[in-house]
Amino acid sequence: MERENVDVKYQWDLSKIYDSLDAFRKDINLVKIKIKEFAKFKDIKYDENSLYEVLTLGMDTSRITQKLEVYTSLLCDEDTRINKNQELKEEVNNLVSDYTKATYFVDVNILKLDYKDIETFYKKNNKLKEYEIYLKEMFRYKEHTLSDKEEKLLADLSKALGNNYDTYELLKDSDLVFPSFMANGKEYPLDGNKYSLYIEDDDREVRKGAFLTLYGVYKQYKNVFANLINANVKEEESLAKIRKYDNAIDESLYHDELDIKVHDNLVSVIRDNMNVLHDYYGLKKQVLKLDELHLYDVYANLVNNASFKYPFDEAKETVIKALNVLGEDYIKILKQGINDRWIDVYPNKGKRTGGYSSGSYDTNPYILLNYQEKYDDMSTLAHELGHSMHSYYTRHNNPYQYGHYAIFVAEVASTVNELLLAKYVINNSNNKEEKLFIINRMMELFRATIYRQTMFSEFERKISNKVNHDEPLTADILSDIYYNLNKDYFGDNVIIDDEIRYEWERIPHFYYSFYVYKYATGLSAAASIVTRLLDGSLMPEDYLAFLKCGKTKSPLDSLKLAGVDLTKKAVIEDAIKMFSSLIDDFKKIYFE
């Protein structure tokens, strides 16, 4: 339907950000004024007062700018067809660019000081202590910060760098053309989006046809994709070394204040527990009644979900009940957020697809949905509310400079909610098929998030090592590495079709520099938290302490508030135990 026909109670309320274009313009002009004020700090040596002033000016400007960015982004996503909203967004983007250009020297000049100077400043200007954690984090990067000329050179080169992903996306989503395929006498048109539907189809011939056709096309372009990923890895590794890191994974871990053993523990535990994943594929083979389980069979649904409907107003009540274990305060704020119209619920013409949580320090943590009454839609509601509640607690318990959280922990709170909802529905359903469907969905979550993302991370590590050792990275080499990893992860219960060699070409996360493993650690942390919340060994207030701490603690230390220590193998092992118990539960219910 058109947006104007959607009941207003199911639309988010952006008037709480700006109630008029005049109010929006007022902040635009305020940012422009503040940007000009940075010029006076360019060539000075900071003392305790000027340092406090430039930091405060930066925080104030950034705070308003982020509010403008969030507003225009949300406004555009309501209906992407409205050009005037796109114009407002572009205006803000240009403002952000101006802000970046006007402030490039600030951190560089601060890092010309010794941290002992900063400690002296604290004694002379007590207000500067507001930025103590921020400054310590900045000085942690001092050894990786270059000279003025070098930093400016990298800034000038930034437009020429980082384009491999954009080229990759254009090639994958715009230029690749897939032929139709035939299955059981019927013709099926194929593209990237349709493939995700076909590969789950109940008709095996549809799954097989889509699989063989899609990867047949990717095989033709293997050399182009290999060149792109090779160039991207070389660029990431070169930039990491320019900034005095050993390699790209070292830089990625440094940003999150992590030791390499967090990553290596994950891979080690997964490698030691491949039997659980292989058991799952054995179950799939048995339930699907197949003599051979091929790679085009592994996404087939074990349970049909078409009969289950979850209207939004009922779903939100179910989510609230499922999250009651998180305590009265959590539920009170969550209900208030729903009533205050944080959520844009239903699809409308022109609306951005998918779902997300987005906001700034001075806005509500808004949620975009495209709700269509499926279980996945209810689960997305719980998931995005997890993000929004994490953001709410972080922003309401910290000043602006600490009112956000690290990417490393970003998926923990959302996944906690997702798991709590699934367990609640399973435990309160009297419908065998519904129980099986949700257990199957949870099994798929563990398979796809813990095992598959770890496999991706192994692939990323292997190809980066080759680049660092000046070894070639051709299409055939990439494909062989990927094929052998698939053999390890799928095991003897699955036929490893040769076409899977080219799947690496489809994975955009290989352009994100050691990001994928964080999905696996995030789900593992969430599984640990949920297990202990439900058995009473973790108190809600301890979990809320994690949600509240923001950037006042490192990612690892923030998780420790909720009793999760990712330097230990036990967290990953406990997550695998949950996966294994889900497999056992499915077998018990299905074969009873």
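**View 1. Surroundings of L323 in the predicted model.** L323 touches Y330, I331, L334, N417 and L420, leaving out residues up to four places away in sequence; contact means heavy atoms within 4.5 Å. The residue sits in the loop between α14 (312-322) and α15 (328-339). Helices (H or I, at least four residues) are DSSP runs, numbered from the N terminus. L323 has a relative accessible area of 0% and is therefore buried, a term for values under 20% (1.4 Å probe, protein chains only). Between the C-alpha atoms of L323 and E418, 95 residues apart along the chain, the separation is 9.6 Å.

This is a predicted model, in which local features need pLDDT of at least 70 and side-chain atom pairs count only at pLDDT 80 or more, while totals for chains, interfaces and linings use all residues. Residues are numbered from 1 along each chain as its sequence is written, and side-chain values use heavy atoms, with hydrogens and water left out.

**View 2. Helices α17 and α18.** The axes of α17 (residues 412-428) and α18 come within 9 Å and cross at roughly 155°. Axes are lines fitted to C-alpha atoms, for helices over the stretch in contact, and angles run from 0 to 180 degrees between N-to-C directions. The two helices, α17 and α18, are therefore roughly antiparallel to each other, the term for angles over 145 degrees. On the α17 side, the residues in contact include E418, L419 and A422, and on the α18 side they include I438, M442 and F446.

View 3. Helix α16 (residues 375-396) has 22 residues and reaches 31 Å from its first C-alpha to its last, close to the 32 Å expected at 1.5 Å a residue; the expected span is 1.5 Å times one less than the number of residues. Of the 22 residues in α16, 19 are buried. The axes of α14 and α16 come within 10 Å and cross at roughly 50°. In α14, F312, A315, K316, T318 and V319 meet M378, L381, A382 and L385 of α16.

**View 4. F459 and the largest nonpolar core.** The largest nonpolar core has 151 residues, and F459 is among those with the most contacts inside it. Such a core is a set of buried Ala, Val, Leu, Ile, Met, Phe, Trp, Tyr and Cys residues joined through side-chain atoms within 4.5 Å. Helix α18 (residues 432-468) gives the largest share of this core, 15 residues. Apart from neighbours within four places in sequence, F459 is in contact with I229, L478, I481, Y482, L485, W504 and F510.

Terms used:
Buried means under 20% relative accessible area, exposed over 50%, partly exposed in between (1.4 Å probe, protein chains only). Angles under 35 degrees count as roughly parallel, over 145 as roughly antiparallel, 65 to 115 as roughly perpendicular and the rest as oblique.
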